[in-house]
Amino acid sequence: MSRRLIEVRDLRFRYHDGTPALNGVDFWLDARETVALLGPNGSGKTTFVLHLNGLLSGEGTIEICGVPLTKETLSHARRKIGLVFQDSDSQLFMPTVIEDAAFGPLNLGLTGDEAMERAREALAQVGMAAAENRAPWHLSAGEKKRVAIAGILAMRPEILILDEPTTFLDPPAAAALLQLLRELPQAKIVVTHDVLFAGAVAPRAVFFEKGAVVGEGTVPDVLQRFGWSGPLTGLRTLP
Amino acid sequence: MHHAVLDEWSRRESALHRRDPRAKTAALVVFLIVVTTSTHNFVVLGPAYLGMLVAGMAWARIPPAGALARAAVVLPFSLVFAGAVALAGDPQRAVLLAAKSYVSAAAVLLLVATTPLPALLRGFEGLGAPRFLLMVAQFLYRYLFVISEEAQHMRAAALSRGGGIRAGRTRFRAAAGALAVLFARSHVRASDIHRAMLARGFEGHFRLVRNLRFGLADALFLVPAAGFPLALRLALGGGV
Amino acid sequence: MPMHIPDGFLDTPVWVGLNVAALPAVGVLARKAQKGFDHSRTPLLGVMGAFVFAAQMINFPVGVGTSGHLIGGALLACTLGPAAAAVTMTAILAIQALIFQDGGVLALGANVMNMAVCGTLAAYLPYHFWGRGRWRRAAIFLGGALSVLVGALLAISELLLSGIPMPGAVLGVSLGLFMVSAVLEGAITVAVVGALEGMQPDFVHQPSGRRSYVLGALASAAILLSVVGVLFASANPDGLEKLAADVGIASRAKTLFATPLADYEAGFFESPWARKAGAGMAGLVLMFGASVLLGRFGKKRSV
């Protein structure tokens with residue numbers, strides 16, 4: 001039996017001005033699973049994942065690895081969950097690649113040497129070991145994405161969440177990312193519009209609409225049910 | 001762009017690049033003080049100081065001609081005041097002012113061309129600068145590259161929308177609007193950065209990865225780097 | 001056109017003194033900027049600093065084919081608050097000195113005191129007192145203008161104190177240009193704050209009800225200092241004496257100083273231009289002082 005890593009029950013959230021963003025979302029994620037979150041813009045996918053590591057807080061229950069998420073257990077959640085943001089430039093803020101990758105481990109309390117060790121390991125895992133001393137503004141979009149992922153992997157999370165990971169990537173870079181994700185053992189949540197990527201990376205999909213989960217199943221099932229398959233989705237090809 | 005060129009130069013490899021930033025900063029400060037207090041015999045001292053800088057550039061494998069040309073960015077301002085002084089009847093002093101500002105700028109440029117800015121900032125922490133300020137400067141530098149590009153795109157977009165046609169007042173308001181949009185974007189980016197930091201366990205303090213190490217090579221560098229201009233000044237520059 | 005003083009211009013006691021003054025000032029402001037906020041300030045101030053650099057690329061038409069750009073101190077003060085704005089400006093000045101060689105390194109203390117500390121605080125002062133009422137836009141405009149004027153006047157007085165002679169005509173033209181720049185900065189700041197409020201009122205800092213007398217006193221002192229500085233420096237014959245000694249016309253100079261009044265070399269410091277400029281600034285300060293008092297009474301009434 002698989003371990004349940006994330007359990008969400010009836011999550012609700014409203015913005016400052018009162019507009020409802022999440023209307024009672026239920027969700028679960030088991031070890032080694034990969035789930036795609038699909039749905040139109042503004043349906044609440046990103047808002048939802050921001051709740052999982054406590055960047056936003058709403059009403060309802062969230063359990064990360066069996067521990068309920070509260071103010072006190074935030075650092076626990078942030079150790080377990082690694083969130084890769086859509087815009088790598090907002091994530092890579094340190095002056096060099098290796099220093100950025102070491103940022104997470106340092107926050108976990110490791111010493112400088114240990115953190116560097118972890119950072120090098122993670123960079124090797126994503127194939128960016130040679131770029132150690134380069135500045136983030138010199139990297140291509142695909143390279144930045146990999147370094148961002150390395151920064152997360154260096155913290156050894158159990159769950160990876162990627163928010164629109166293929167947004168700035170060209171097809172070869174997207175294919176390389178797909179390959180990398182397939183090799184990583186962590187459980188994954190991938191928020192994406194890229195239906196081909198979703199199909200290739202995730203056996204299960206969850207469809208969001210207006211702040212609630214309205215359907216679940218395999219990616220092709222879900223796409224068909226909600227009218228998202230068609231000629232447009234055949235434009236990009238992934239191996 | 002100027003900062004991109006300096007950034008590239010600062011990432012090259014040379015013995016000078018490898019020196020501790022604090023040693024280089026100390027050498028710079030001594031050099032600047034020597035230059036600024038050299039009022040006599042600058043005809044000889046000026047070229048001598050410049051020669052030392054050029055030697056440093058060659059040692060660091062930075063193109064001296066390019067570097068010296070870039071240091072000239074200080075001249076427009078200095079020449080205005082030098083001109084005023086010349087008009088007041090003291091052309092000798094005017095030339096001195098311009099020359100001193102130029103040599104000083106070239107020295108600063110050499111420091112920055114051989115030391116990546118974040119390392120330089122970390123060196124300043126040892127000199128008592130508040131860490132908060134240094135981190136702000138580091139973020140500023142990091143995002144200078146990103147935001148300059150955004151601003152350039154906005155400018156190009158505005159120009160392509162017929163920049164010269166509308167009346168002055170409307171254009172003024174349009175420019176203010178563009179600035180406000182850039183401001184808002186920057187603000188959103190700042191909160192995204194903060195969120196990404198929180199997601200990686202940030203709890204308020206920036207922890208250092210590696211401490212700077214001041215070694216024998218740095219001491220061996222500092223003594224002549226600071227001592228030589230000082231000696232030159234005392235020998236040829238007249239009284240203190 | 002902001003006044004970044006390069007190295008080689010200021011006299012040793014002047015630049016040393018200003019560096020000594022800048023260190024604790026920046027330390028205090030850095031602490032104040034962090035206090036009461038969570039640690040999100042660091043990326044915010046850094047990114048806003050980068051924003052100021054980028055903002056200087058956007059041109060504002062001033063008519064007759066010329067255009068100017070925002071300098072930014074007052075805008076930062078109205079949106080981030082005075083201490084955070086001062087810290088951001090300090091970071092900007094440091095980057096400008098190091099990377100762009102705009103302003104000297106030894107002179108950094110002077111430039112920081114002039115623009116980041118005094119200039120920013122002077123920019124915030126009117127907003128602090130009148131930022132809430134009907135005179136809000138005027139307050140913002142005045143803040144923008146003051147940020148330029150205070151910085152410029154302090155710089156000029158430091159240069160004069162260091163014995164840089166400025167013929168009356170040059171001084172007059174400089175001051176004229178600074179007035180234009182000040183008005184432009186005020187206008188741009190008002191326009192941008194207005195646009196920001198239209199987008200998201202949150203962006204703009206609301207002046208706190210609790211008045212900080214320390215900041216108010218510091219800011220008033222900054223303004224008075226700048227005017228007094230110009231007047232004092234222009235009347236001070238020491239700078240002139242040093243100049244004369246340097247250039248080696250010592251004997252002639254000695255005769256000059258024996259007769260304090262009249263004569264050409266002493267004359268340009270007593271030129272009508274310097275006098276007018278000084279009087280103008282003094283008038284501004286008096287008006288300002290009067291408004292400060294009125295502002296105080298105004299606030300009391302509304303309570």
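Start with the largest nonpolar core, which has 247 residues, and select B:Leu140, B:Leu179 and C:Val87, the ones with the most contacts inside it. Here a nonpolar core is a set of buried Ala, Val, Leu, Ile, Met, Phe, Trp, Tyr and Cys residues joined through C-beta atoms within 7 Å. Buried means that 20 or more other C-beta atoms, placed from the backbone, lie within 10 Å of a residue's own. Next, colour helix 6 (residues 136-161) of chain C, which gives this core its largest share, 17 residues. Helices are DSSP runs (H or I, at least four residues) and strands are too (E, at least two), numbered from the N terminus.

A note before moving on: this is a predicted model, where local features need pLDDT of at least 70 and side-chain atom pairs count only at pLDDT 80 or more, while totals for chains, interfaces and linings use all residues. Residues are numbered from 1 along each chain as its sequence is written, and chains are lettered from A and ligands numbered from 1 in the order in which they are written.

Now zoom in on C:Val87. Leaving out residues up to four places away in sequence, C:Val87 touches B:Leu133 and B:Val136, as well as C:Leu29, C:Ala30, C:Ala33 and C:Leu45. Contact means C-beta atoms, placed from the backbone, within 7 Å.

For the last stop, go to chain A and select A:Phe27, found in strand 2 (residues 20-30). A:Phe27 is buried, because 20 other C-beta atoms lie within 10 Å. Beyond its neighbours within four places in sequence, A:Phe27 is in contact with A:Ile6, A:Val8, A:Val206 and A:Val213.

Notes: A residue is buried if 20 or more other C-beta atoms lie within 10 Å of its own, exposed if 12 or fewer, and partly exposed in between; C-beta atoms are placed from the backbone. Two residues are in contact if their C-beta atoms, placed from the backbone, lie within 7 Å.
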